[in-house]
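Thanks for passing this one over for a look. Here are my notes, point by point, with the cut-offs spelled out as they come up.

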Amino acid sequence: MRPFTFDSAATPREAIETALAWNGGANGTTHFLAGGTTLIDLMKLDVMRPERLIDINPLRSSEFGRIAIGDGGLWMGALVRMADAAEHPDIVRHFPAVAQSLQLAASQQIRNMATLGGNVLQRTRCPYFRDVSYRECNKRNPGSGCAALDGFSRSHAVLGTSDQCIASYPGDFAQTLIALDAMVDMAGPNGLRRMSFAELHRQPQSRPEIETVIQPGELIVSFFVPATPLARRSVFLKVRDRESYEFALASAAVGLDLNNGIVRDVRIALGGVATVPWRASQAEAVLRGSVLDEAAQDAAARVAFSGAQAREHNGFKIELGRRTLKRAIAQAAVLEI
Ligand SMILES: Cc1cc2nc3c(=O)[nH]c(=O)nc-3n(C[C@H](O)[C@H](O)[C@H](O)COP(=O)(O)OP(=O)(O)OC[C@H]3O[C@@H](n4cnc5c(N)ncnc54)[C@H](O)[C@@H]3O)c2cc1C
Ligand code: SF4
């Protein structure tokens, strides 16, 4: 592991100013340290090489570490541990997909340490990205090519890919945030800003190394999930090679608003199959206003993957993704609320 300087921030302002003062900000050679389960892992592999870490854990005593549920919805600070949100009884009851997407992620030990903010910013598990002996990786080494295009592509994405990168987004929680219309609050050098969580991640296109719209020095402060019928009748379903401690091959987060078997409204986000947490808007449009029967579910699953592009080893994800989505919709439909 390379040597680095360790700082600690007592306030958000201190964290932001320290990040900006050092070599151009947090996306350059400075990184904020939350639970460290992604960052330290990648530093040990020599994939990430920050010269300075700023420990933001002291901010946990502020809104960064709080869970609050009110009439309007659910606030979760960016430094809330995954385990604390996953096991929170009111989240389990009123925002089931939020709890499920966290319960099904990683292991209990990692969930005890890892934070919600760090979770949405985790990096891809593409084996060529994580192994520096491969020079060709546009994400790690911009302009070098992509070893996965003609390599072993079983874990890679079929939606949102480009000829520069086909790495899949690995997390689970982000899909639920998108399906439940969550907002994210960020603090930066120009103050606070709030945006739709669905706008946070960027598809790779010609710049796979830029994964989000977060600006240098910007901190995620919290997430807000509105209390809606979609949130109450929500499901997160994950399919993986083994039943614990494994990333998704395909996942679906579904929020349903049903009225006598007719879909009044629906939100769908897909994981494991796309380069970013993937909103399946066309599938939602197919379901909205329709009777939720087998034919409607088939049509939604088909259209969700109509633009999919497979490589040599990941074609199976298209059918797996469709089935996962259908099962998630069916589970949401029979949920007792
Ligand atoms: C073996 C293993 C299995 C896993 N399985 C799963 C899984 O199945 N599903 C899943 O979803 N995840 C899985 N994970 C990923 C894990 O959930 C993430 O590593 C974790 O959530 C990251 O959170 P952290 O607090 O440790 O982030 P850190 O490692 O501290 O930070 C990650 C990145 O986010 C930045 N950051 C952190 N907090 C903020 C903030 N508030 N504002 C701005 N930037 C910030 C850091 O600078 C860093 O770049 C797995 C991890 C491992 C090691
Ligand atoms: S898929 Fe993306 S992350 Fe993987 S080797 Fe290609 S450029 Fe790198």
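1. A definition before anything else: buried means under 20% relative accessible area, exposed means over 50%, and partly exposed covers what lies in between, with a 1.4 Å probe and protein chains only. By that scale Arg-288 is partly exposed, because its relative accessible area is 35%.

2. Now the ground rules. This is a predicted model, in which local features need pLDDT of at least 70 and side-chain atom pairs count only at pLDDT 80 or more, while totals for chains, interfaces and linings use all residues. Residues are numbered from 1 along each chain as its sequence is written, chains are lettered from A and ligands numbered from 1 in the order in which they are written, and side-chain values use heavy atoms, with hydrogens and water left out.

3. Back to Arg-288, which forms a salt bridge with Glu-284, the closest N and O atoms being 3.3 Å apart. A salt bridge here is a side-chain nitrogen of Lys or Arg within 4 Å of a carboxyl oxygen of Asp or Glu. Glu-284 also forms one with Arg-279, where the closest N and O atoms are 2.7 Å apart. Glu-284 itself is buried, at a relative accessible area of 1%, whereas Arg-279 is partly exposed at 32%. Through shared partners, salt bridges join Asp-181, Asp-265, Arg-267, Arg-279, Glu-284 and Arg-288 into one network. A search of the whole structure finds 24 salt bridges.

4. Next, a sheet. Three strands form an open sheet in the order E1-E3-E2, with parallel pairing. Helices (H or I, at least four residues) and strands (E, at least two) are DSSP runs, numbered from the N terminus, and two strands count as paired if DSSP finds at least two bridges between them. As background, strands of a sheet pair through backbone hydrogen bonds, either parallel or antiparallel. The edge strands are E1 (5-8) and E2 (30-33), each of which pairs on one side only. On average, neighbouring strands of this sheet are turned by 25° against each other, direction ignored. For such angles, axes are lines fitted to C-alpha atoms, for helices over the stretch in contact, and values run from 0 to 180 degrees between N-to-C directions.

5. How many bridges link E2 and E3? Four: E2 and strand E3 (residues 52-55) pair in the parallel sense over four bridges. Within E3, Arg-52 is the bridge partner of Thr-30. Arg-52 also forms a salt bridge with Asp-7, the closest N and O atoms being 2.5 Å apart. That pair links distant parts of the chain, with Arg-52 in strand E3 and Asp-7 in strand E1, 45 residues apart. Arg-52 counts as buried because its relative accessible area is 14%.

6. Helix H1 (residues 12-21) lies across E1, E2 and E3, running at about 175° to E3. Strand E1 also holds Phe-6, which is partly exposed at 49% relative accessibility. Together with Met-1 and Phe-4, Phe-6 forms a nonpolar surface patch with about 320 Å² of accessible area in total.

7. Gln-175, in helix H8 (residues 173-179), is buried at 0% relative accessibility. Leaving aside neighbours within four places in sequence, Gln-175 is in contact (heavy atoms within 4.5 Å) with residues including Tyr-169, Phe-236, Pro-277 and Trp-278. Ala-99, in helix H5 (residues 96-103), is buried with a relative accessible area of 1%. Ala-99 touches Ala-86, Ile-91 and Val-92, not counting residues up to four places away in sequence. Ala-99 and Val-235 are 136 residues apart in sequence and 9.4 Å apart in space, C-alpha to C-alpha.

8. Finally, some backbone angles. Where is phi positive in a residue other than glycine? Asn-260 is one of the places, with phi near 50°; Asn-260 lies in the loop between strand E10 (250-259) and strand E11 (262-271) and is exposed at 77% relative accessibility. Ala-106 has phi near 55°, again positive in a residue other than glycine. Ala-106 sits in the loop between H5 and helix H6 (108-113) and is partly exposed, at 27%.

Methods: Patch = residues over 30% accessible without salt bridge, like charges linked within 9 Å, V, L, I, M, F, W, Y side chains within 5 Å. Areas by Shrake-Rupley, 256 points an atom, 1.4 Å probe, with all protein chains shown as cover.
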